[in-house]
Amino acid sequence: MASSTFFFFSYFLLVSVAAASPENYLHLRFFQHERILGVANATVVLSVNADNSGLATGFGNVVAYENALRETTDLRAPVIGHSQGLGIGSDRSGASGFTAFSMVFTGGRYNGSSLDIQGIFISQPLLETVSERAIVGGTGRFRGARGYLLSKEIVLTPETLTGQLDAFINYYHLRFFQHERILGTPNATVVLSVNADNSGLATGFGNIVAYDNALRETTDLRAPIIGHSQGLGIGSDRSGASGFTVFSMVFTGGKYNGSSLDIQGIFHIAAVAGDGGINSDSAIVEQISPSLPVVDSL
Ligand SMILES: *[C@@H]1O[C@H](CO)[C@@H](O)[C@H](O)[C@H]1NC(C)=O
Ligand SMILES: *[C@@H]1O[C@H](CO)[C@@H](O)[C@H](O)[C@H]1NC(C)=O
Ligand SMILES: *[C@@H]1O[C@H](CO)[C@@H](O)[C@H](O)[C@H]1NC(C)=O
Ligand SMILES: *[C@@H]1O[C@H](CO)[C@@H](O)[C@H](O)[C@H]1NC(C)=O
């Protein structure tokens, strides 16, 4: 059989999810521009004045804010979002307070996304003191984000306060190579369970395949097997161009021995067609798991 025949026999030629590289992070820097409490067009308002001090830091006092975010310290730079949320005086000495806010991006590279921050802001001394707060979540590009925010106030004028915000967002990028012995070959790691359309193809509408494909850290078939992708694919696209898959990557060796990752989603055959790494019995195709964006910065 020609290799192209094998190719059409299995759309799960797919193999490989990201490489065993270490934990990594995304570092983003923003500048926050506040018009301070009490000035014209203040971006901070005192909601609760529990101790009658009129200060944001009073014990029990609450402020709400909508501070502008920009890519630079320049007040004339475009606003790319706002830090919206609250601070509550939760320190009897007035030296710090608890904050919870969202950095909501309405322009720039992260337009439409947001980061959620929670933690203690240290207000004394105000300038150059680094506060570390948790990144507890996000939306859009930052969906599921975890990490930490380091912030410090760097410029104070009679009306404005400028802070530097450094967000460090954790993400994992792991790469594996999946080795499949194609449907129909000796010792195939894929089997046709349901042949609903009688095509014998994994991609037939309604057809179901089960698989037990080997996972290795490299493309080398002689490298140690560190686990298997076990699961199923169902032809759920009338054109045969894609299918729905659900499987577990079960690690039985290597660094992640004893752990597993559960994957669910649509597999596109086009991604396979573009790859040259196919021979008559096995296929190696690289798939990068889309999670958080790769390391970059503003
Ligand atoms: C306050 O905002 C108004 C309306 O945007 C603007 O005309 C005015 O110049 C602002 N005042 C200050 C002090 O920024
Ligand atoms: C941000 O995204 C919204 C929605 O897609 C769009 O309407 C708006 O023009 C964008 N703003 C900027 C500054 O890019
Ligand atoms: C199939 O598996 C058997 C048993 O492990 C092995 O002896 C044989 O060489 C394999 N055949 C191919 C083509 O890999
Ligand atoms: C994987 O872990 C199991 C259970 O701890 C152990 O028995 C086995 O030897 C490990 N395999 C490898 C290849 O490290």
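Gly-200 sits in the loop that links strand S12 (190–194) to strand S13 (208–216); helices (H or I, at least four residues) and strands (E, at least two) are DSSP runs, numbered from the N terminus. The model is a predicted one, where local features need pLDDT of at least 70 and side-chain atom pairs count only at pLDDT 80 or more, while totals for chains, interfaces and linings use all residues. Residues are numbered from 1 along each chain as its sequence is written, and chains are lettered from A and ligands numbered from 1 in the order in which they are written.

Gly-200 counts as partly exposed because it has 13 C-beta neighbours inside 10 Å; with C-beta atoms placed from the backbone, a residue is buried if 20 or more other C-beta atoms lie within 10 Å of its own, exposed if 12 or fewer, and partly exposed in between. Leaving aside neighbours within four places in sequence, Gly-200 is in contact with Leu-192 and Asn-195, a contact being two residues whose C-beta atoms, placed from the backbone, lie within 7 Å. Gly-184 is 16 residues away along the chain, and its C-alpha atom is separated from that of Gly-200 by 9.5 Å.

As for the chain overall, there are two helices and 17 strands. Of its 298 residues, 35% count as buried. Among contacts with a separation of 6 or more, 52% come from residues 24 or more positions apart. Mean pLDDT (the predictor's confidence in each residue, from 0 to 100) is 82 for the chain, with 81% of residues reaching 70 or more. Over residues 1–22 the pLDDT is below 50, though this stretch has 82 contacts in the model beyond near neighbours in sequence. Residues 270–298 also have pLDDT below 50, and that stretch has 65 contacts beyond near neighbours in sequence.

Next, the strands. S6 (residues 96–105) and S7 (residues 114–122) pair in the antiparallel sense over nine bridges; two strands pair if DSSP finds at least two bridges between them. Within this pairing, Val-104 has Ser-114 of S7 as its bridge partner. S7 is also joined to strand S8 (residues 131–139) by five bridges, again antiparallel, and here Asp-116 stands opposite Gly-137 in S8.

The largest nonpolar core has 19 residues, of which Met-103, Leu-115, Ile-117, Ile-135 and Ala-167 touch the most other members. Such a core is a set of buried Ala, Val, Leu, Ile, Met, Phe, Trp, Tyr and Cys residues joined through C-beta atoms within 7 Å. Strand S2 (24–35), S6, S7 and strand S10 (160–171) each supply at least two residues of this core, and S6 gives the largest share, four residues. Leu-115 touches Ser-102, Met-103, Ile-135, Gly-138, Phe-142, Ala-145 and Ala-167, not counting residues up to four places away in sequence. A second, separate core has seven residues, including Leu-183, Ala-188, Ala-202 and Val-209.

Further along, strand S14 (residues 227–234) pairs antiparallel with strand S15 (residues 242–251) over eight bridges, and Gly-227 is bridged to Phe-251 in S15. Nine bridges then join S15 to strand S16 (residues 260–268), also antiparallel, with Gly-243 opposite Phe-267 in S16.
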